[in-house]
Amino acid sequence: MSTEKIILGIDPGTTIMGFGLIKVVDKKIELLRLDELLLKKYDNHYAKLKVIFERTIEIIETYHPDEIAIEAPFFGKNVQSMLKLGRAQGVAMAAGLMREVPITEYSPKKIKMAITGNGNASKEQVAKMLQSLVNLKTLPKNLDATDGLAAAVCHFYNSGKIGVEKNYTGWASFVKQNEKRVKK
């Protein structure tokens with residue numbers, strides 16, 4: 001009996017949101033789409049968030065992914081950048097939750113480790129490894145798209161393993177796993 005599932009990987013961002021879709025058939029990966037959402041043209045942060053939400057819903061309705069893997073924001077020095085990145089990730093997650101697609105969050109280090117075997121690999125190293133994994137002829141100009149694809153492939157490699165980062169199947173599970181963040 002053959003098993004088949006579609007995984008949407010998202011690299012959230014407020015300038016570029018990269019995403020990749022893979023189809024897994026009997027433990028073999030097939031690339032469905034590698035793309036990015038360019039948000040530079042929107043000058044308002046809230047407009048960018050709206051576009052991220054709407055486009056994520058559109059991707060879900062077009063490809064019907066069984067699962068979503070999303071890169072968790074890393075902790076940087078610029079608090080404003082982190083806040084914007086967290087909001088971008090949040091609206092992408094909200095779109096998935098609204099369509100009841102299970103979401104798993106992975107740290108950038110975990111994604112790099114899954115793809116290259118090195119948690120400190122560069123974006124270029126991750127992209128090159130993915131290029132050979134899914135037979136990509138050329139790499140995109142912006143590597144945000146391959147970062148989104150990397151999240152999907154990382155999720156495929158980690159499927160069924162215990163100790164996966166954070167997993168949400170809907171609002172109830174999100175709230176249950178984040179009780180400290182919920183205002184009562």
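**Entry: H3 and H4**

I began with the crossing of H3 and H4, which is left-handed (the near helix is turned anticlockwise from the far one by less than a right angle; clockwise would be right-handed). Before going on, I noted that this is a predicted model, where local features need pLDDT of at least 70, side-chain atom pairs count only at pLDDT 80 or more, and totals for chains, interfaces and linings use all residues. Residues are numbered from 1 along each chain as its sequence is written, and side-chain values use heavy atoms, with hydrogens and water left out.

I looked up the ranges next: H3 is residues 108-116 and H4 is residues 123-133. Helices here are DSSP runs of H or I with at least four residues, strands are runs of E with at least two, and both are numbered from the N terminus. The axes of H3 and H4 come within 9 Å and cross at roughly 40°. That angle makes H3 oblique to H4. For the wording, under 35 degrees is roughly parallel, over 145 roughly antiparallel, 65 to 115 roughly perpendicular, and the rest oblique. The axes are lines fitted to C-alpha atoms, for helices over the stretch in contact, and the angles run from 0 to 180 degrees between N-to-C directions.

Which residues of H3 and H4 meet? From H3 I have Lys 112, Ile 115 and Thr 116, and from H4 Gln 125, Val 126, Met 129 and Leu 130. Contact means heavy atoms within 4.5 Å. I sorted the residues of the contact of H3 with H4 into four nonpolar, two polar and one charged. In this scheme Ala, Val, Leu, Ile, Met, Phe, Trp, Tyr, Cys and Pro are nonpolar, Asp, Glu, Lys and Arg are charged, and the others, Gly among them, are polar.

**Entry: H3 and H5**

H5 covers 144-158. The axes of H3 and H5 come within 9 Å and cross at roughly 75°. That makes H3 roughly perpendicular to H5. On the H3 side, the contact is made by Lys 110, Ile 111, Ala 114 and Ile 115; H5 brings Ala 150, Ala 151, Val 153, Cys 154, Tyr 157 and Asn 158.

**Entry: Met 113**

Met 113 is also in H3. Is Met 113 buried, partly exposed or exposed? I get partly exposed, with a relative accessible area of 45% (buried is under 20%, exposed over 50%, partly exposed in between, with a 1.4 Å probe and protein chains only). Not counting residues up to four places away in sequence, Met 113 touches Asn 118 and Gly 119. The C-alpha atoms of Met 113 and Val 126 are separated by 9.2 Å, and the two are 13 residues apart along the chain.

**Entry: positive phi**

I then checked backbone angles. Asp 26 has a phi near 45°, a positive value in a residue other than glycine. Asp 26 lies in the loop between strand S2 (16-25) and strand S3 (28-38), and at 38% relative accessibility it counts as partly exposed.

Asn 135 has a positive phi of about 55° and is not a glycine. I found Asn 135 in the loop between H4 and H5. Asn 135 is exposed, at 62% relative accessible area.

Ile 29 is found in S3 and is partly exposed at 22%. What does Ile 29 contact, leaving aside its neighbours within four places in sequence? I listed Ile 22, Lys 23, Val 134, Val 153 and Phe 156.

Lys 40 is in the loop between S3 and helix H1 (45-63), and is exposed at 56%. Lys 40 touches Thr 15 and Ile 16, residues up to four places away in sequence not counted.

**Entry: whole chain**

Last, I zoomed out. The chain has six helices and six strands, in the order β-β-β-α-β-α-β-α-α-α-β-α. Of its 184 residues, 45% count as buried. Among contacts with a separation of 6 or more, 61% come from residues 24 or more positions apart.
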